[in-house]
Structures are given as C-alpha cells and as structure tokens.
Amino acid sequence: MSMCISAALSELLDARHGSGERSERASSGALGLREPLPGESSDNTFERMKKRKKRLTNSEHRELSMSAVLAAAEFLFVTQGYNGTTTEQIGQLADLTKGSVYFYYGNKEGVLLELLNRVQANVMEPYLQILQDERLSPVERMTKYLERAGEVALDHPGSMLLPIVVSIEMAGTESEAARRVKAGYNRIAREVRNVLELGQASGVFRSDLSSNDMARLLISTGDGIMLECLRQNLRIDVHRLVRALKAVVLTGLQIASEMPSDIEADDGPSVIDVLRGNLQDHS
C-alpha cells in the first residue's frame, strides 16, 4: 500500500489549488516551505461541504462549518506557519467569513488549542495506551509503538506536524499552546523511558546507554521523519517505513556491538540560550 503521507492533506491542498492557480501568498512559513504541496484529487473537502450545506439542519451546518475551520486552519498552520496565517485566510479557505471563525472559536489561538485537542486524541492517547499496556512485554510495547507511529503519520499527518510547528514558532514563550505541546512531548518521553527501563531491567534492552537519551532520540526521530516527508513531499509505503524503523530501532535497543565509553560532561546550554547568546554577540 504505497501512499503519500502528505496525501491525507491533499483534499485541503485541492481547496487551495483546485483551479490550478497558485496562491498569491508565497511567503516562507515556520517549516521553511515556500508554497503548499500540489494537490492530487479532483474534488476536495470544502467543495463537498458546500454541497452538503444545502440540505443540513442548523445543528449539522454548525458542526460541518466548525470542522471546515479546523481543517483549513490545520492545513494553513502546517504549510505556512501559525504566525503566517490570518483568521481571514482560515475563513476564506473554509468558505466562511472571518466572523464565523471568531464566532466558533473566539480567535486564532482558540482554533489552535482545539487542534491540539485533536493531537491529544489522535496521537497522545493511542501512544499512551500502548506504552502503558502491562499485558505486553517491553519489546512488544516498543514494536506496537513504532507501528502505531506509522499509522498515525498516514491517517493524521497534521496532528503529527502541528506540535512541531508550535515548538518552533512558540519556543521560549509561556503560551498555552507551547505549554501543552511541551507537556505532551515530556509525557510521551517519560512513558517511553519507563518501557526502556523495564526492558533494561529484564535484560532485553541494552543497559549501556541512558534510557532518557534513547527515549529522546526515538521521539526526535519521529519528528524528523515527518519533517522530511513534508519537506520532500515523499511518497512512502508505510509498511516499509515501519519495517525499517523496527529493524533499526529495535536492533539498536537490543544489541550493543561495543560498549560506548562513558561521557562525563556538564549539560550544555539550551538552543534558546545559544540563540540569545548570538544576539548578544552582535548587539
């Protein structure tokens, strides 16, 4: 089953490029994209929504409109950045007025926070369910965790990419969105670390490396894969991706070809501290 991970967004892409015209906005977003990826479908979510609106009840119309706002916002936030997106653009792509966006979600931040609720449901909860399943061995948990990551990347790419956008654009801030994303990453890292430590204690995972270091590496690998898929518009067979992940990750967790020498060093500065230092050097 060869599919493009970004194809799950193709319907939203068609909403912007269905007529074959390029968007007037070509500024670079948080992820360094110059323009959205090309669409692949002759129909799109928003066109279908407009057709359905004619025969909906008020309650159904409201629900459909709110979903359209979220779909449009997710696409725009991922492809051109949160800060590079206006409420007016969200409404336009959703075939609604700017006032409708405010009516349903209060403001642009309200839309983002609702999308982060989707991240919780689409990404966090499935991961935690697997990582905390005491019926599974440590190896089985890690295997299913990696398999689930491939499934989520295909089914909900926006929910995988949005936390990355927030991490970049809101780094060093105290916003609610930044707080939620950081807490989510830390929660997953903690649960992955717990599984790794169980495996280390039972002898199935290598104990010559820190469980914390390995957990952070696993999470950053997942983010890196999603960024590469978006950056290159890669077509990926999810089964092959998961097979490669399992082969590399599980083998790396279980086999130590040679004992790494201990590293005795103080923790280095944070990325934000380095960037601030660069500013001071040129002030």
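Contact means heavy atoms within 4.5 Å.

This is a predicted model, in which local features need pLDDT of at least 70, side-chain atom pairs count only at pLDDT 80 or more, and totals for chains, interfaces and linings use all residues. Residues are numbered from 1 along each chain as its sequence is written, and side-chain values use heavy atoms, with hydrogens and water left out.

Q: How many helices and strands does the secondary structure of the chain come to?
A: Both kinds of element are DSSP runs numbered from the N terminus, helices being H or I with at least four residues and strands E with at least two. Read from the N terminus, the order of elements is β-α-α-α-α-α-α-α-α-α-α-β-α-α. The secondary structure of the chain comes to 12 helices and 2 strands.

Q: What percentage of the residues of the chain count as buried?
A: A residue is buried under 20% relative accessible area, exposed over 50% and partly exposed in between (1.4 Å probe, protein chains only). The chain has 283 residues, and the buried share of them is 44%.

Q: Why does Tyr145 count as buried?
A: Tyr145 sits in helix α7, where its contacts, leaving aside residues up to four places away in sequence, are with Tyr127, Ile130, Leu131, Ile188, Val192 and Ile219. Pro126 lies 19 residues from Tyr145 in sequence, and their C-alpha atoms are 8.8 Å apart in space. Tyr145 counts as buried because its relative accessibility is 6%.

Q: How far apart in space are Lys246 and Lys144, C-alpha to C-alpha?
A: Lys246 belongs to helix α11 and is partly exposed, with a relative accessible area of 24%. Not counting residues up to four places away in sequence, Lys246 touches Thr143, Leu146, Glu147 and Thr251. Lys246 and Lys144 are 102 residues apart in sequence, whereas from C-alpha to C-alpha the distance in space is 9.5 Å.

Q: Is Thr85 buried or exposed?
A: Thr85 is placed in the loop between α3 (58–80) and α4 (87–93). Beyond residues up to four places away in sequence, Thr85 touches Leu76, Phe77, Gln80, Ile90 and Lys108. The relative accessibility of Thr85 is 1%, so Thr85 counts as buried.

Q: What value is phi of Asp95 near?
A: Asp95 lies in the loop between α4 and α5 (98–105). Its relative accessibility is 39%, so Asp95 counts as partly exposed. Asp95 is a residue other than glycine, yet its phi is positive, near 60 degrees.
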